[in-house]
Amino acid sequence: MSPAKAGEAIRAKVDASQSVTLTVADAAARTGLALRDAENGLKWLSTEFRGQLRVTSGGELVHVFPTGFRKPWESRETLDRMARAIGHAFMGGLRFVVRAWVAIVLVGYAAIFIALVLGMAFARQSNDSNSRREGDLPGGALAYAFLRVIGDALFWTFHPWSPFSVYAAPAYGLPRAQRSREPRVPLYERVNRFFFGPPVPPHDPREMEQLIVATIRAGKGRIGLGDVMRVTGLPRDKADPLMARLMLDYDGDVAVSEDGGILYRFTALRKTASDSIVPPEPPPAWARAKPLPPITGNSAGPNLAVAALNAFNLAMGAWAIENGMTIERAMHLFDRFPHPIADTGMPIVLGLVPLVFSALLFLLPIARVATRPWKRRAAEREKGRLSILREVLERVKAKQPVTDSAVAEAWRRATGRQPGKGLDRELSTLGGDVAIDPSGATRWRFADLETEAAAVLAEREAAASEEARLGDVVYATDEH
């Protein structure tokens with residue numbers, strides 16, 4: 001019977017309105033399933049309903065479902081997923097607008113405003129000059145200035161040695177040999193980084209499984225929850241149901257040592273065509289902690305250039321509103337002879353749009369800078385949490401006592417700050433219990449991790465290397 005079908009059979013015969021505790025024999029007795037089907041069904045239920053395992057003094061396994069066969073976390077996680085999806089969609093759309101629109105508007109409005117300024121200067125100079133010929137075309141000087149500005153803008157945008165070029169490298173100013181080795185960043189990407197921050201690398205949804213499988217193979221097909229916590233950084237209450245799912249996905253089974261330590265065997269994952277029977281172990285979670293990303297990811301030059309360009313558009317938009325510079329009035333700058341112009345209303349295109357658009361764009365990096373202290377504190381808390389996990393696992397492995405002072409010192413080394421009042425909570429989530437030594441000193445005991453570590457070590461020492469070796473090749477398509 002498939003594990004899902006066996007699990008549904010168990011679920012149909014058990015009152016799931018409250019916490020459920022079952023052994024394999026209980027499930028078989030209530031459903032009439034074979035023991036192997038009942039065991040696979042309980043594994044499937046543990047995956048679906050975040051079940052946990054207990055072991056008795058006699059070595060029996062007990063499956064515990066704290067919330068029964070219900071999923072009270074689904075509504076909260078569904079709302080979280082919807083919020084993340086909406087946020088990602090919104091930010092994706094916003095980034096698309098920025099990539100295509102901001103770079104064009106930023107450079108385009110700057111070119112238009114510069115052309116207007118130069119046009120007014122040339123027009124004033126032309127009106128004051130007595131050397132103009134009667135046959136000159138109206139606005140010739142302004143037209144020439146406008147085309148010159150547009151030409152210069154295109155030249156500096158696409159010239160490969162320009163700091164504003166769409167093909168320019170971020171290391172502008174470095175020697176050419178060194179600059180050629182740097183990745184080239186387009187202009188729109190620099191603008192995008194200035195307003196929205198550096199791009200986030202894509203997340204691999206199977207990264208956690210890859211790390212755990214690599215740890216299993218490095219551990220000769222044997223693993224404990226402490227190993228899972230080490231490589232993923234997860235607390236114990238999340239690592240436990242994860243292993244139930246992995247047992248189904250990778251043909252694993254659970255075993256109990258004489259001292260009550262729970263370990264997981266995945267002998268099928270040991271088979272390898274590589275010369276190395278025992279592959280290297282992946283780095284722990286605290287060695288892979290991601291640093292706080294920079295505010296923009298650009299160097300100072302591009303940041304100043306984008307900020308100056310946006311500030312120029314902001315100032316010129318305000319100037320256009322103050323002077324009533326509508327498109328109609330701007331077109332009269334090309335007139336050969338100036339004459340009074342009636343009020344043409346609020347300048348939308350040349351005034352309101354660049355003013356509001358540039359102001360909103362400036363709010364984006366300002367908001368990121370304002371929230372950066374909060375992100376820095378969150379990153380420090382995560383580093384502190386992982387430092388506690390590291391201290392506990394290393395001391396359990398070395399059979400050293402876990403004390404409050406040792407944990408506090410680990411937190412200080414990782415964050416550079418004194419720990420707060422949440423250390424006890426973090427230790428409890430790792431399965432710790434407070435114990436008093438005969439001398440009266442307080443220490444933390446992690447009985448489950450201690451017995452599991454001993455059981456996993458003994459199993460790995462007894463694991464046969466033949467489990468990883470392949471048999472002799474008796475047929476190969478590349479030899480025929």
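# Chatting through salt bridges, a patch and some helices

Guide: Let's start with a network of salt bridges that links Arg-222, Asp-253, Arg-265, Arg-270, Glu-459 and Glu-467. A salt bridge here is a side-chain nitrogen of Lys or Arg within 4 Å of a carboxyl oxygen of Asp or Glu.

Visitor: Okay, and what kind of model is this?

Guide: This is a predicted model, where local features need pLDDT of at least 70, side-chain atom pairs count only at pLDDT 80 or more, and totals for chains, interfaces and linings use all residues. Residues are numbered from 1 along each chain as its sequence is written, and side-chain values use heavy atoms, with hydrogens and water left out.

Visitor: How many salt bridges does the count come to?

Guide: The count by this rule is 19 salt bridges. Side chains of opposite charge can pair when their charged atoms come close.

Visitor: Back to Arg-222, then. How far apart are N and O in its salt bridge with Glu-459?

Guide: They are 3.3 Å apart, N to O. Arg-222 sits in strand E4 (residues 222-223) and Glu-459 in helix H16 (residues 447-462), so this pair ties together parts that are 237 residues apart in sequence. Helices (H or I, at least four residues) and strands (E, at least two) are DSSP runs, numbered from the N terminus.

Visitor: Are those two buried or partly exposed?

Guide: One of each. Arg-222 counts as buried at 6% relative accessibility, while Glu-459 is partly exposed at 21%. Buried means under 20% relative accessible area, exposed over 50%, and partly exposed in between (1.4 Å probe, protein chains only).

Visitor: Which residue does Arg-460 form a salt bridge with?

Guide: Its partner is Asp-227, and their closest N and O atoms are 3.0 Å apart. Arg-460 lies in helix H16 and Asp-227 in helix H9 (residues 225-232), so the pair ties together parts 233 residues apart in sequence. Arg-460 is partly exposed with a relative accessible area of 21%, but Asp-227 counts as buried at 15%.

Visitor: And what about Glu-8 and Arg-11, where do they lie?

Guide: Both are in helix H1 (residues 3-13), three residues apart, which is about one turn of the helix.

Visitor: Switching topic! Which residues make the nonpolar surface patch?

Guide: Among them are Ile-327, Met-331, Met-346, Val-349, Leu-352 and Leu-363, and the patch is about 970 Å². Patches are made of residues with over 30% relative accessible area and no salt bridge; like charges are joined within 9 Å, and nonpolar side chains (Val, Leu, Ile, Met, Phe, Trp, Tyr) within 5 Å. The areas come from the Shrake-Rupley method with a 1.4 Å probe, and for residues only the protein chains shown count as cover.

Visitor: Which helix gives the patch its largest share?

Guide: That's H13, with eight residues. Helix H12 (327-331) and helix H13 (348-397) each supply at least two residues of the patch. Leu-363 is placed in H13, and it counts as partly exposed at 48% relative accessibility.

Visitor: How does H13 pack with H14?

Guide: H13 and helix H14 (residues 404-415) pack at about 135 degrees, with their axes 8 Å apart. Axes are lines fitted to C-alpha atoms, for helices over the stretch in contact, and angles run from 0 to 180 degrees between N-to-C directions. H13 and H14 are therefore oblique to each other. Angles under 35 degrees count as roughly parallel, over 145 as roughly antiparallel, 65 to 115 as roughly perpendicular, and the rest as oblique.

Visitor: And H8 with H9, what's the angle?

Guide: About 130 degrees, with the axes 10 Å apart. That makes H8 oblique to H9.

Visitor: Last one: where is Lys-220, and what is its phi?

Guide: Lys-220 is in the loop between helix H8 (207-218) and E4. Its phi is near 60 degrees, a positive value in a residue other than glycine. Asp-251 isn't a glycine either, and has a positive phi of about 55 degrees. Asp-251 is found in the loop between helix H10 (236-249) and strand E5 (253-256). Lys-220 is partly exposed at 27% relative accessible area, whereas Asp-251 is exposed at 59%.
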